[in-house]
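Welcome! Try each task before reading on.

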Amino acid sequence: MTQQLTLEDLAGDAKRRNRERRVKVLFVAAGLVSIAVSILIILSLAGEAWSFISQVDLSSLWTVGWFPRRGLYDIPTLIIATTIIAGIGMLVAIPLGLGAAAYLAEYASPRARRWLKPTVEILAGIPSVVLGFWALTFISPEVVARIFSSAKPFTMMAAGLGVGVLITPLVATVSEDAMKAVPMSLREASYGLGADRAVTVRKVVFPAALSGIVASMILALSRAIGETMIVFMAAGAVGGALRTFNPLDPGQTMTAAIAALATGSDQVAGQGLTFQSLFFVGLLLFLITLALNSLSNRFVRKYREQY
Amino acid sequence: MTTSITRRQEATQADVAKAIQRSGIQWRSTLFHAGLLLLLLTTLVILLVLLADIMIKAWPTFAERGVSFVTDGLSLNPETAGVFTGIMGSIAIAVIVILLAFPIGVSSAIYLEEYAPDTRLSRFLDTTVRNLAGVPSIVYGLLGGSTDGKNVIAAGITMSALVLPIVIITASEAIRAVPDSIREAGYGVGATKWEVVRSHVMPSALPGILTGTVLTLARAIGETAPLLVIGVATGYFAPPGDATFVDQITGSYTALPVIVFSWSRQTQAEFADTLAPAAIIVLLVVLFVLNGAAIWLRNKTENRW
């Protein structure tokens, strides 16, 4: 007599099915950790930031400078310094990064590319504390002080140049990926019309890779704004800063303000809200970089889907 | 009449000749090429100057002290100060990251790539991970600092949270690169999803995952800012001679990059002038070894489909 195949047989071993279910629960739980981390970040920042903003004297948010232990929380001081330093960084990183990316993607022979690209990636792997040290001990005395004789040892200029060196490889690698993603057929169409390589790069490859290039710049800007160590070490003003627009002055960014308060670099007698102000600045920083990253992700998705 | 035609023909010939030779465009083309090369070389020269400058500054320390600079602990005396305490702290942080961030990160990646069909949860998770990857490191420091532990365990957990999104993204990419035919071979012989993942997907994705995780480890070892916020020791400290293991992991600690930072602002000139650059060299050697290992791993085990 042949054996009848039942539904029970087809469903398989119960032990195996149970294990399958347990394993899946484990993976879902691991995935939820990231969501939990996000929620914890937002809660810890928002809680203290709220207690800061509800207790602080609002007029102290717009004064002569950022001196938290004296109760002067001039937010514009931090925003201006952050903008100046990130701006100088971008002025360095955009030409260097884009130039390196275009050369690697369009001109370099495969052999040259094999050692040029890892070299650029080495630069990307240098920790920011090293660049901070270098900005303070080399860029500041050897570069900034030689060009601007009036410059002090700690300047936003030196920090901005250091940040530029930090984010150049980021612009280079992300833009290079975008240019590599432009299909060969577009270049060939351009050559077929009689254009040479330079014209093709400028009029065909650049526009086609534009969303990726823009994404790399926004990403770099976000990194520049969130960078702590270079600014903390090279821009000085660890005890607070006056509001200034001069890049040759010391300055304190949002990140450096947090680091300075947390390490107690400004050892003036404490005042009630200094601890909370740290989280308020952190929340501000979090929201700005979150907005920039979402924008950059949107551009990246666009160039991924285009071809 | 005839002369004007001839003149027109002459003009046309000259135009054609010029167009074929394209001397104007060629000149600009060469300039463009040279400009791009110059920008790339500038980037490389910056890297070279940075490395050379730091090596020259660090040289006296290594020439005088040799290996003892690496095996000596913190000291207030520049003659005997070494980076050993920092190396131990960095290793402890790295171990916690390996134990915590890697299993959770790789599991999340498996969930995202293998289990989650395009659901609302998986899309939300994907967006969350991408956003977390862009959060400035010092914000993670604030997260860790709002708990009160000023020890190496708190530092390791904070660093794990910091690198978790990067682990997830690199592991996801490695898993996505495994072609579906490999999975289908498993399903074809009646394997369940987990069995396919364990015996088919993971072995193929492992080289990519390992490469990514080694690079992530380098990132965790080089980070400084979050440690400053959660209370790493930036000055001199020494555990008492009879300190137990528990005392050591719950007491003061420091890490290699933190030593670079704290020495660079010591009042004694030797610390900033020669000891900090020497500590940087030790840090860079550790990171280059990790990066080299990642590249070696990638070349050694690269799958070709």
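**Exercise 1.** How many salt bridges does a search of the whole structure find over all chains?

*Solution.* Keep in mind that this is a predicted model. Over all chains, the search finds 16 salt bridges. Let us look at one of them: the side chains of Arg243(A) and Asp74(A) meet in a salt bridge, with 2.9 Å from N to O. Now place the two partners. Arg243(A) lies in the loop between β3 and α11 (254–263) of chain A, while Asp74(A) lies in the loop between β2 and α3 (75–107) of chain A, so the pair ties together parts that are 169 residues apart in sequence.

**Exercise 2.** Work out which strands of the open sheet in chain A stand at the edges.

*Solution.* Start with the order, which is β2-β1-β3 in chain A, with antiparallel pairing. Next, count partners: β2 (72–73) and β3 (241–242) of chain A each have a single partner strand, so they stand at the edges and one side of each is left without a neighbour in the sheet. Then look at one pairing in detail. Strand β1 (residues 65–67) of chain A pairs with β2(A) over two bridges, in the antiparallel sense. Across this pairing, Trp66(A) stands opposite Tyr73(A) in β2(A).

**Exercise 3.** Check the span of helix α2 (residues 14–55) of chain A against its 42 residues.

**Exercise 4.** Describe how chain B and chain A meet, beginning with the residues in contact.

*Solution.* Begin with the counts: 70 residues of chain B are in contact with 73 residues of chain A. Turn to area next. About 6,300 Å² is buried between the two chains, and carbon and sulfur atoms give 77% of that. In chain B, the residues that lose the most area to chain A are Phe32(B), Leu40(B) and Leu142(B), together 10% of what that side buries.

Now the polar side. Between chain B and chain A there are 12 residue pairs in polar contact and two salt bridges. One salt bridge joins the side chains of Glu195(B) and Arg19(A), at 2.7 Å from N to O. Helix α2 (residues 23–65) of chain B gives the largest share of the side that touches chain A, 18 residues. By class, that side of chain B has 47 nonpolar, 15 polar and eight charged residues.

Note on methods. Residues are numbered from 1 along each chain as its sequence is written. Chains are lettered from A and ligands numbered from 1 in the order in which they are written. This is a predicted model: local features need pLDDT of at least 70, side-chain atom pairs count only at pLDDT 80 or more; totals for chains, interfaces and linings use all residues. Side-chain values use heavy atoms; hydrogens and water are left out. Helices (H or I, at least four residues) and strands (E, at least two) are DSSP runs, numbered from the N terminus. The expected span of a helix is 1.5 Å times one less than its number of residues. Contact means heavy atoms within 4.5 Å. Buried area is the accessible area (1.4 Å probe) that two parts lose on being put together, summed over both. A salt bridge is a side-chain nitrogen of Lys or Arg within 4 Å of a carboxyl oxygen of Asp or Glu. A polar contact is a pair of N or O atoms within 3.5 Å; within protein, one must be able to donate a hydrogen and the other to accept it, and residues adjacent in sequence count only if both atoms are side-chain atoms. Ala, Val, Leu, Ile, Met, Phe, Trp, Tyr, Cys and Pro count as nonpolar, Asp, Glu, Lys and Arg as charged, and the others, Gly among them, as polar. Two strands pair if DSSP finds at least two bridges between them.
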